[in-house]
Amino acid sequence: MQHFISQFPGLVGQTVTIKGWAYNVRSSGSIAFLQIRDGSGFTQAVVAKTAVDEASWSAATDATIESAVEITGTVSAHPKQAGVFEVQATAVVLIQKAEEYPIGKKEHGPDFLLDQRHLWLRAPTQWAIQKVRNEVIYATYDWMRDHGFTKIDSPIFTPSACEGTTELFEIDYFGERKAYLSQSGQLYLEAAIGSVGRCFDFGPVFRAEKSKTRRHLIEFWMMDAEAAFVEHKENLEIQEQLVCCIVERVLKNCQAELKILERNQEPLKQVQAPFPRLTHAEAIAKLRTLGSDIGEMDDLGADDETLLTQQYDRPIFIEKYPAAVKAFYMKRDPNDPTRVLNADLLAPEGYGEIIGGSQREENYDALLERIREHKLPEEAFKWYLDLRKYGGVPHSGFGYGLERIVTWICGIHHVRETIPFPRLLNRLEP
Ligand code: 4AD
Ligand code: MG
């Protein structure tokens with residue numbers, strides 16, 4: 001039977017067979033050490049020449065970096081390092097002998113590594129990031145289901161824009177008309193709440209944004225959530241609880257990964273509700289005391305977000321942005337119609353925006369006016385306006401950027417490492 005390295009703590013003294021890849025190999029006269037990873041974890045196989053037959057010994061000494069191997073042996077606890085396990089090999093099979101591996105132990109630049117992304121994914125740090133990403137995804141699904149949200153799959157081909165027309169990928173739809181790749185499933189979820197009350201989607205979205213910052217991908221994964229009868233304040237509470245759950249789950253289940261990433265876990269342990277809430281006006285005032293020259297009604301730029309979030313040990317909400325810098329569907333603040341009932345959630349330690357959300361305009365006439373103000377094609381939004389005619393209710397929602405969240409939780413610099421195959425302004429390969 002095939003065993004997995006992750007099961008080793010419960011298998012000490014037992015004979016196992018593992019299949020995986022040798023990520024490091026060294027041998028001296030009578031003993032070989034094969035560092036093995038099998039996807040579930042990492043271990044060392046100790047191959048003593050006297051403990052194996054001739055075929056196994058030559059397999060062990062022939063194995064090159066990234067060769068595929070099968071090891072049979074006894075699991076043992078490392079004599080000095082607690083929590084580390086080895087396998088004392090009794091048989092070694094070389095499944096495929098790897099050619100000279102292009103990724104060495106020396107430092108490589110990001111471009112080289114991204115060119116080798118199909119192989120770089122195997123590096124322990126990249127393995128750890130994908131495992132954290134996986135935990136974030138499962139934590140999200142669990143939390144949403146436990147809180148009454150139904151998964152609704154929104155379409156990827158759409159007839160109109162959700163988040164402004166300047167960042168849309170256009171597609172030729174059978175030579176007959178234009179279609180666009182979805183920027184967010186939000187508008188479709190607003191329809192679905194009329195059926196299921198609370199829902200979420202989770203899928204790839206596309207932004208034809210000519211940005212080359214460490215926060216921007218062209219294709220990324222978004223989780224949109226939408227809930228009927230939820231207003232601005234409760235919308236923030238939902239986000240806060242979800243983010244706390246995600247961080248808690250990663251802290252609980254990804255200790256090995258966070259250690260590989262050398263993530264300082266103290267700031268993650270501070271991620272407890274309630275998160276501080278600042279109005280946009282308060283944020284601007286604070287930024288100015290920190291030396292920013294941001295204007296009173298400006299959107300926060302990446303540098304402003306970095307500056308602001310370096311001041312906090314947990315995520316912060318910035319609420320009530322000027323209507324002029326936000327999307328057409330956001331409901332105006334009844335106390336100040338120049339502003340909207342929205343909030344961006346900014347991650348601490350300089351990471352910045354991870355969630356954008358708002359209460360939605362539920363009034364037919366007000367929404368039609370916004371669509372006209374934004375010069376959006378009215379015809380394409382007819383169905384969206386319909387939702388306000390047939391049982392329109394106060395409702396709110398938000399969307400998180402999976403890669404932004406994973407970047408922050410992993411404590412890494414650039415979003416490009418958090419998606420298996422990043423699509424960037426200057427990169428479509430591999
Ligand atoms: O703030 P955004 O544009 O909001 C929306 O699309 C809403 N329709 C969501 C909703 O209310 N359902 O995007 C949401 C999040 C951002 O907060 C950010 O985390 C992420 O998506 N994001 C990006 N991540 C990586 N690369 C990009 N180019 C991103 N643009 C947005
Ligand atoms: Mg946003």
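Which helix is largely enclosed by the rest of the structure? Let's keep that in mind while I show you around.

Hello everyone. A word on the ground rules: this is a predicted model, where local features need pLDDT of at least 70, side-chain atom pairs count only at pLDDT 80 or more, and totals for chains, interfaces and linings use all residues. Residues are numbered from 1 along each chain as its sequence is written, chains are lettered from A and ligands numbered from 1 in the order in which they are written, and side-chain values use heavy atoms, with hydrogens and water left out.

First, the overall picture. The chain has 13 helices and 18 strands; helices (H or I, at least four residues) and strands (E, at least two) are DSSP runs, numbered from the N terminus. Its C-alpha atoms fill a box of roughly 85 × 55 × 40 Å along the principal axes. Of the 430 residues, 52% are buried. Here buried means under 20% relative accessible area, exposed means over 50%, and partly exposed is in between, using a 1.4 Å probe and protein chains only.

Back to my opening question. The answer is α13: 8 of its 9 residues are buried, so the rest of the structure largely encloses this helix. Among those buried residues are Leu 402, Trp 408 and Cys 410.

Now for the ligand. How many residues surround ligand 1? There are 22, and the closest are Glu 163, Gln 186, Asp 224, Glu 353 and Ile 354. To count as near, a residue needs a heavy atom within 4 Å of the molecule. By class, this shell has 8 nonpolar, 6 polar and 8 charged residues. In that scheme Ala, Val, Leu, Ile, Met, Phe, Trp, Tyr, Cys and Pro are nonpolar, Asp, Glu, Lys and Arg are charged, and the others, Gly among them, are polar.

Let's look at some individual atoms. A nitrogen of ligand 1 is 2.7 Å from an N or O atom in the side chain of Gln 186. An oxygen of the ligand lies 2.9 Å from a polar side-chain atom of Arg 207. Taken alone, ligand 1 exposes 630 Å², and the protein buries 94% of that.

Which elements give two or more residues to the shell? They are β11 (219–228), β17 (352–359) and β18 (395–401). The largest share, 4 residues, comes from β17.

Finally, some backbone details to find on your screen. Most residues other than glycine have a negative phi, and most peptide bonds are trans. Glu 66, however, has a positive phi near 75°. You'll find Glu 66 in the loop between α1 (54–62) and β4 (68–77).

Phe 174 has a positive phi too, near 55°, and sits in the loop between β8 (170–173) and β9 (177–181). Are these two buried or exposed? Glu 66 counts as buried, because its relative accessibility is 7%, whereas Phe 174, at 69%, counts as exposed.

As for peptide bonds, the one from Ala 273 to Pro 274 is cis, with omega near 0°. Pro 274 belongs to the loop between α8 (266–269) and β12 (277–279). The bond from Glu 429 to Pro 430 is also cis, with omega near -5°, and Pro 430 lies in the segment after α13 (402–410).

Technical notes: A polar contact is a pair of N or O atoms within 3.5 Å; within protein, one must be able to donate a hydrogen and the other to accept it, and residues adjacent in sequence count only if both atoms are side-chain atoms. Accessible areas come from the Shrake-Rupley method with a 1.4 Å probe; for residues, only the protein chains shown count as cover.
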